Amino acid sequence: MATPRPPVRKPAYLQPVSIARVEPLTTARALRGPFDYLIPERLGEIAVGTVLEVPFGRRRITGVVVELAETSEVPPEKLAEPIRVLGTGTTEELIDLGRWIATEYCSTPARGLGLVLPPGTGTGGERTRFRIEKLSSITAAGREALEGGARLGAKQELALQQLLEGDLTGRQLAARAGIDSSTLKRLEDRGLIERRQVNVRRRPDGAGVGAAAAQAPNLTEAQQAAVTGLVGRLDDPRSGEGVLLAGVTGSGKTEVYLAVVEAVLARGETAIVLVPEIGLTPQAVGRFQARLGDRVAVLHSALTAGQRFDEWQRLKSGEATVCVGPRSAVFAPLENLGLIVIDEEHDPSYKQEGDPRYDAREVARRRALATGSLLVLGTATPRPESWERLERIDLPARVDGQGMPPVELVDMREADPRQGPIHRRTWEALAEVRNKGEKAIVMINRRGFAPWLTCRTCGHHWGCPNCDVSLIVHRESDQLICHHCNHAEPLPRRCPECGGTTLSQTGAGTQRIERLLAEELAPMPVFRLDADTSAGPGGHARILSAFDRESSAILVGTQMVAKGHDFPEVTLAAILDADATLRFPDFRAEERTFSLVTQLAGRSGRSRAGGRVIVQTLAPGNPSISHAATHDSAGFLAGELERRRELGYPPFSHLIRIQLAAEAEPEVERAANLVAARLDQALPAGAELLGPAPMFRARNRYRRRLLVRSTTRADSIEAVHRTIENLLADRSLNKITLAIDVDPQ
Ligand code: ADP
Ligand code: ZN
């Protein structure tokens, strides 16, 4: 990977010229940019961030200016000139951020810069542009013609009537009244209408679930104190490090964000609000739009290319001053940034899974510090990292003065296995919800019908042919499906080993729970929310809206149901397998479990009707579960930090994970040993190599992971990066797919 060049000492014979250092926007790792080009006057103004087409060997490629200089190591007569300017690109601040990401997350400059440039830049595909349409408006002559009964065709008269109410585009006239362009052309020729070219915004679909109030409520004392505290830090240069807004579920954190955003806008500055994956949080976006109107632009993956382009341009031009969206919204091209809010800061979706594997929370911190902005991280379940490092403002109670809902732990170790996945206590609570005409949310952290299919006769167990995992029974499609690689096969009727026909479907997933609830609690409607039912744009919002519209209903689903929704009529939240996440072999298992149980509990009892929570568990004594049962974040975090300190895990160290994958097992074995040996030599003091962890197979490839744990972050990242680059350069890792993950989750 290319590091920016050190400043060149100017040889005396060189005259000052205008040099653009251009980073190619191709993903080939072999290109070590940036490369120097001579800027001719004919190209007009070129700045850091400008996107250019440049000659490169015999090719023409797209690149972006990352620095301007007066001298080059290359003599001027040997320097090529760019061919043309392709776009204004982005700001210097964002170019620096993109380059920082490339280094910090062991990626390439092209990938880092790709995050901060206008959507579609450098992809080589069709470039997205503004949508230009003709807007028609009625003229004085047109009005007269209508009133005076001039001779008009039926379509012409209809068109004029439509335009009396306001200007419309051809597309709108066609949709409303079937008016075609030849009618409009004739009206224009007669001077009855005027048409002009306008840039039409392709508006993202409204994301709202439930009516969001446009009017701000009177803030509670605690909210007001939080707002005052945060606004007071707007000019504090350290505020980019981040302030933790630790507010219990239902404490009204969103109103605090809104008030601080408004204060920032009033100062003439702009703001970014990050929310977990948008499909999962349609309510959050709706609330910002309802309050701030068209000043809000949304950026997320479900937008069409045109919508994304338009929203991006609205931010760039300053027409929109607030950007709301999931992790990639941290790259919003806003100038004069004053505030970045990260809602639900504990959410794992802030970490990007593909290269560059950036963590939006760290990028936000970097950006806030670079721009002198305030960074606010809000949650009911802070990460140990945030608790340890950040200044904190607390919102200790719910807005309406309601207490937190009581949590009942149900010990499943003592339950009769014939009782099935739902305990008698939980059934009783659900029946009560039905009898009172209220709502309940039930969570089970696995989709499908049953997680195991086994032959009763010989014990054969169906596993995935491509991965080291069980196949999951899906009853709706009558299939066995792998949740890793999506391999699917028809549900078998007999065992391939012994021919036995008694097959048992053990365990439960969302489909089985949905069926059980619907049978037992009829006629109460049951809605299922998981990756299968919510696929496709707006799928998620559709299910939540349907649940919202019923007066009494049950929502069952995976951890999607625990995310920050606000449904006041919910009086029961039940989690059926609270320890599912505890069984993951990961040092964050406790943190995840605590957060999931607490967040789910937080969905209950958000109104005067009150509420309760039932947690079914095999590990009632585990601190993550016992502390969640008492809504005790501080208690949990104190213990968890102590444990992490003893084990030397983050936040007391940094982790870098290197994953090697290939089709053949021996290849991976050899590569893992080689990388381990080289790293052993290259790592700086304070860094150590853990692993290699055992080989595993996923998506038909063998995989092995190495983990570096260090207290010297930058040096260790550098050492890993350099080691891997060297091995790639001398072709020692052919056939191996490599992924380096800094701060893996
Ligand atoms: P959190 O994000 O902290 O869980 P929310 O921001 O979702 O909490 O707020 C919970 C509910 O309380 C929402 O319905 C919100 O509209 C309402 N609310 C927030 N602040 C106030 C207030 N000051 N007065 C009345 N209702 C409020
Ligand atoms: Zn598989």
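You are looking at a predicted model, where local features need pLDDT of at least 70, side-chain atom pairs count only at pLDDT 80 or more, and totals for chains, interfaces and linings use all residues. Residues are numbered from 1 along each chain as its sequence is written, and side-chain values use heavy atoms, with hydrogens and water left out.

Now select residues 713-729, which make up helix H20. Helices here are DSSP runs of H or I with at least four residues, strands are runs of E with at least two, and both are numbered from the N terminus. The expected span of a helix is 1.5 Å times one less than its number of residues. For the 17 residues of H20 that gives 24 Å, and the end C-alpha atoms are 24 Å apart, so the two agree.

Which residues of H20 are buried? Among them are Arg 713, Ile 717, Val 720, Ile 724 and Leu 727; buried means under 20% relative accessible area, with exposed over 50% and partly exposed in between (1.4 Å probe, protein chains only). Show the partners too: the buried residues of H20 pack against elements including helix H1 (92-104), helix H19 (665-682) and strand S31 (737-742), where contact means heavy atoms within 4.5 Å.

**Aromatic rings.** Rings of Phe, Tyr and Trp (its six-membered ring) pair if their centres lie within 6.5 Å; planes under 30 degrees apart are stacked, over 60 edge-to-face and the rest tilted. The count comes to 7 aromatic pairs. Pick Phe 331 and Tyr 358, an edge-to-face pair at 5.2 Å centre to centre with 80 degrees between the planes. Phe 331 is in the loop between strands S12 and S13 and Tyr 358 in the loop between S13 and helix H11, so the pair ties together parts 27 residues apart in sequence. Phe 331 is buried at 3% relative accessible area, and Tyr 358 is buried at 1%.

Next, select Phe 587 and Tyr 649: their ring centres are 4.5 Å apart and their planes at 0 degrees, so this pair is stacked. The two residues are 62 residues apart in the chain.

Note on methods
Chains lettered and ligands numbered in written order.
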